[in-house]
Amino acid sequence: MSTPDVAPVPAPSHEGVVFRWQRGVPVHDVPLLTRTSLALLFFVLVGTGLGVLRLFGGALGPFSAMTDQYAWGVWKTFNTMALTALGSGAMGVGIAAWVFGYKHFHAVMRTALLTSLLFYGTGILGIVTDVGRPWNAWNAVLPWHWNTQSPLWEVLIAMPTYCFVFLLYENGPTVVERLWWKGSPGVRRWIDRWHPRIRRTYPYVVAAAYIVPMMHQSSLGALMLLSGNKVHPLWQSEMLPLLYLVQAWICGFAAVIAILMASCLVWRRPLDMKVLADLARVMSSLTLFWLTARVADLAGRGVLSRGFSGDRYSVMFLVETLAILVPAIVLRTERFRQVPRVVFTMAVLTAIGGLLYRFTPTTLAFMPAEHATYFPAVPEVLVMFGLVALVILLYSVAVKRFAILPAPLETWYRMFGAAPAGSFADGRPADGHARHD
Amino acid sequence: MARPANDTIGERLRRCGVDRREFLGFVGRLAVAAPAALALTRHLALDAIAGEIEKARRPSVVWLHFQDCTGCSETLLRTSKPDLAELILHLVSLDYHETVMAASGKQAEAALHDAMTNEAGRFVLVVEGSIPTKERGHYMRLAGRPALEVLQDVAAKAAAVIAIGSCASWGGLPSAPPNPTGAVGVDSIVKDKPIVNIPGCPPNPYTFLGVVLQFATAGTLPALDRERRPLFAYDRTIHEHCPRRAHFDAGRFARQFGDDGHRHGWCLYQLGCKGPVTHAGCSTRHFNEVPDAWPIGIGAPCVGCTERDVAFKVPMFDRAPVVRPTPPDTYPPVVAPTGTVDPLATGLVGLAVGAVVGGTYVASKRFSKVAGDESVPGRKDDPPPRDGDGGPPLGGKGV
């Protein structure tokens with residue numbers, strides 16, 4: 001690779017603090033496909049095969065345990081409604097970085113954007129697998145068929161728009177950067193000429209990229225609100241849209257922390273406890289706000305005592321609440337926020353609690369008729385696994401090919417040298433901070 | 001009021017000249033009107049049930065009134081199958097009951113004393129009304145003594161206590177806030193006797209009869225729920241078997257007393273009916289053997305009198321929460337498909353959950369426990385890098 005003759009760019013700092021994570025660097029010392037990737041690929045192929053069979057076989061019956069009562073199986077309720085919360089890092093961390101000025105969060109932004117794209121993408125695949133009559137699906141894009149009063153319509157339109165327009169746009173710089181390095185001089189010149197113009201659209205597109213998911217993440221809560229008495233009173237609430245939205249932010253932070261740390265573990269990257277501790281602090285504050293709203297809502301509706309009645313709903317409520325409450329309290333302490341093991345465990349626990357909160361009203365505490373039960377069938381479970389495996393597989397491939405996982409600038413210089421100042425790939429926008437949009 | 005020893009129900013009937021045909025007829029009415037009585041025996045034929053009842057010794061019953069309206073006694077008086085005469089003369093030996101006994105004054109007190117002495121440890125104490133506890137119980141006196149003391153004395157010698165009505169069960173109307181007399185139910189005072197609560201304002205007399213007959217024939221008390229109510233009569237909510245339930249499911253509600261919906265017999269939920277939260281059998285066993293003689297049947301919302309926390313505690317016209325999930329807003333399927341749980345799917349989900357939990361644990365073990373340790377996780381042999389050092393060099397060969 002021909003590296004232009006350049007001087008290193010100074011390491012970014014924020015109020016005098018030098019951060020270890022300074023820029024995205026591809027994972028370079030491991031093969032693209034490992035044994036783990038092949039195992040994941042196996043799950044992906046099984047899931048894809050079953051999904052294709054289901055779509056072309058036409059019937060849901062043999063492939064799922066859904067009934068007229070439980071018309072929403074795990075593809076919708078888990079892969080879409082629950083896992084897109086984990087994919088809300090782009091929104092949660094993004095708002096913290098761009099709106100509230102946590103500039104050092106930009107170092108983890110590419111990880112957040114990539115995971116969001118993958119979770120949303122597979123979530124949409126989950127819906128596609130689930131749609132009863134896929135050959136009619138194209139009607140959804142015809143405006144004269146729209147019911148604009150419907151939250152389901154809002155989700156249907158906004159979720160793919162967010163995934164395929166906004167998230168792809170936000171992930172664009174990562175791809176263009178690779179093009180700049182790998183492409184011919186002509187491509188480089190073309191990128192260097194056009195990218196300042198494209199950058200001018202950033203504020204508008206990025207702002208919209210925060211508004212759109214806020215709309216559909218709260219609409220997911222509204223969907224369960226519309227189910228009325230079918231949802232157990234511990235979860236059914238007029239606050240559901242708000243609680244779903246805030247929980248999405250929390251899950252987004254938790255997912256970014258946990259995925260980053262797991263990636264550092266797998267691909268041998270140093271941690272940056274300053275950034276991680278700050279992510280954990282924001283997550284814990286959000287969680288405390290969420291818990292206050294949740295408890296106030298339960299108390300206001302007079303059902304708080306049912307959370308302690310000892311039946312299975314109260315057990316689910318307590319497990320879920322503890323999984324959310326414990327990390328929020330532990331991570332209030334500065335000392336604990338500096339301990340990698342604690343931060344990792346607490347982030348995973350928060351994510352599990354958040355997923356439980358998002359998943360429970362859709363299935364576990366969803367009682368459409370007395371004695372009605374639902375448990376996913378084997379093909380459903382395998383497709384669900386396949387979608388999750390697809391997320392992990394694509395993630396592991398992407399971080400090896402693109403500059404996503406954060407690392408010190410020196411790691412980059414050691415591998416590639418530096419980009420010429422003022423070019424697209426110099427990693428330095430006008431304000432002197434590393435750019436990790 | 002001494003009575004012959006071993007006075008069984010059968011002997012008593014024969015001595016009173018009640019022939020067997022009449023008795024079988026009575027048992028038949030009992031079995032139809034009070035299905036609870038069928039709990040007495042596993043036999044299905046009438047004469048077999050009758051045989052079981054005949055053999056039972058007539059239980060001695062002492063009935064005490066406290067702060068009550070005598071409504072529970074009244075409901076017993078209004079019952080015709082069996083009527084009160086049959087009940088107290090043939091089935092039980094009602095030794096003391098202030099309202100219906102002929103005796104008064106010293107004679108009445110003597111009856112109470114006799115029952116307590118001769119039948120000590122064997123008689124059933126029925127309590128009607130709540131017991132005042134404030135000011136050492138002086139809000140109510142019985143034969144010159146505070147009610148509290150009378151109850152403690154009589155209950156000490158009883159075999160079992162039946163609290164009839166909401167007042168005796170947990171205070172009822174007299175205990176409504178601000179509860180000036182400190183009224184409580186029997187189970188707040190008597191702690192060492194088996195107590196059966198038969199709440200209601202008034203309760204269904206057949207529930208009472210079923211409990212007493214079970215005690216007489218089998219010597220046992222029925223299975224109870226958390227509020228000590230017999231499960232056979234209180235295991236379901238009014239809402240579950242309400243004759244107006246179809247209107248609830250279809251969304252047809254009376255909105256105002258006397259409006260069109262009310263006149264058409266639509267659901268009273270919006271008027272404050274507490275049926276969805278009230279456990280009682282009223283919706284299936286109406287009162288006084290008159291069809292539809294029960295609150296909802298005559299267009300009055302249920303007030304939840306069999307629930308400790310509902311009647312006299314929450315406003316009568318407030319809407320109750322619908323505790324149990326309701327069917328869908330379209331017609332429910334006639335044959336509701338129930339889901340199946342595939343063992344293989346369960347196993348797969350279990351494996352996945354285990355993998356997440358186990359993976360998290362294994363991964364967390366490899367992270368450092370040292371605060372601020374930013375070295376490469378999972379590698380203990382590397383020296384901690386200096387600030388700004390990129391850790392071990394990564395052998396890059398170009399993108």
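This is a predicted model: local features need pLDDT of at least 70, side-chain atom pairs count only at pLDDT 80 or more; totals for chains, interfaces and linings use all residues.
**Exercise 1. The sheet of chain B**

Task: State how many strands form the open sheet of chain B, and give their order.

Solution. Step 1: 5 strands of chain B form an open sheet, in the order 2-1-3-7-9, and the pairing is parallel. Step 2: Find the edges. Strand 2 (93-97) and strand 9 of chain B each pair on one side only, which marks them as the edge strands.

**Exercise 2. Strand 7 of chain B and its partners**

Task: Then name bridge partners in the strands beside strand 7 of chain B.

Solution. Step 1: Count. Step 2: Sort the residues by side. Ala160(B), Ile162(B) and Ile164(B) lie on one side, and Val161(B) and Ala163(B) on the other. Both faces are covered. Step 3: Go to one neighbour. Strand 3 (residues 124-128) of chain B pairs with strand 7 of chain B in the parallel sense over 5 bridges. Here Val127(B) has Ala163(B) as its bridge partner, and Val126(B) has Ile162(B). Step 4: Go to another neighbour. Strand 9 (residues 195-198) of chain B pairs with strand 7 of chain B over 4 bridges, also in the parallel sense. In strand 9, the bridge partner of Ile162(B) is Val196(B).

**Exercise 3. Two helix pairs in chain A**

Task: Helix 8 of chain A packs against helix 9 (residues 273-301) of chain A. Helix 2 (residues 74-86) of chain A crosses helix 12 (residues 340-359) of chain A. Classify each pair by its angle.

Solution. Step 1: Recall what is needed. Two packed helices are described by the angle between their axes and the distance between the axes. Step 2: Take helix 8 and helix 9 of chain A. They pack at about 155°, with axes 9 Å apart. Angles over 145 degrees count as roughly antiparallel, so that is the class of this pair. The crossing of helix 8 and helix 9 of chain A is left-handed. Among the residues that meet are Ile250(A) and Phe253(A) of helix 8 and Leu279(A) and Met283(A) of helix 9. Step 3: Take helix 2 and helix 12 of chain A. Their axes come within 9 Å and cross at roughly 140°. That makes helix 2 of chain A oblique to helix 12 of chain A. The contact involves residues including Phe78(A) and Met81(A) of helix 2 and Gly354(A) and Leu355(A) of helix 12. Helix 2 of chain A passes helix 12 of chain A in a right-handed crossing.

**Exercise 4. The cores**

Task: Which residues of the largest nonpolar core touch the most other members?

Solution. Step 1: The core has 137 residues, and Phe253(A), Ile257(A) and Ala258(A) touch the most other members. Step 2: Helix 8 (residues 240-266) of chain A gives the largest share of this core, 21 residues. Step 3: A second, separate core has 60 residues, including Phe66(B), Tyr96(B), Val161(B) and Ile198(B). Step 4: Zoom in on Phe253(A). Beyond four places in sequence, its contacts include Gly89(A), Gly92(A), Val93(A) and Leu286(A).

**Exercise 5. Cys16(B), buried or exposed?**

Task: Locate Cys16(B) in chain B, then classify Cys16(B) as buried or exposed.

Solution. Step 1: Cys16(B) sits in the loop between helix 1 (9-15) and helix 2 (20-33) of chain B. Step 2: Cys16(B) has 9 C-beta neighbours inside 10 Å. The limit for exposed is 12 or fewer, so Cys16(B) counts as exposed. Step 3: Leaving out residues up to four places away in sequence, Cys16(B) touches Leu89(B) and His90(B). Step 4: Compare sequence with space. Cys16(B) and His90(B) are 74 residues apart in sequence, and their C-alpha atoms are 8.5 Å apart.

**Exercise 6. The two chains side by side**

Task: Give the helices, strands and buried share of chain A and chain B.

Solution. Step 1: Chain A has 14 helices and 4 strands. Chain B has 13 helices and 9 strands. Step 2: Of the 437 residues of chain A, 51% count as buried. Of the 399 residues of chain B, 40% do.

Definitions and conventions:
Residues are numbered from 1 along each chain as its sequence is written. Chains are lettered from A and ligands numbered from 1 in the order in which they are written. A residue is buried if 20 or more other C-beta atoms lie within 10 Å of its own, exposed if 12 or fewer, and partly exposed in between; C-beta atoms are placed from the backbone. Two residues are in contact if their C-beta atoms, placed from the backbone, lie within 7 Å. A nonpolar core is a set of buried Ala, Val, Leu, Ile, Met, Phe, Trp, Tyr and Cys residues joined through C-beta atoms within 7 Å. Two strands pair if DSSP finds at least two bridges between them. Axes are lines fitted to C-alpha atoms, for helices over the stretch in contact, and angles run from 0 to 180 degrees between N-to-C directions. Angles under 35 degrees count as roughly parallel, over 145 as roughly antiparallel, 65 to 115 as roughly perpendicular and the rest as oblique. A crossing is left-handed if the near helix is turned anticlockwise from the far one by less than a right angle, and right-handed if clockwise.
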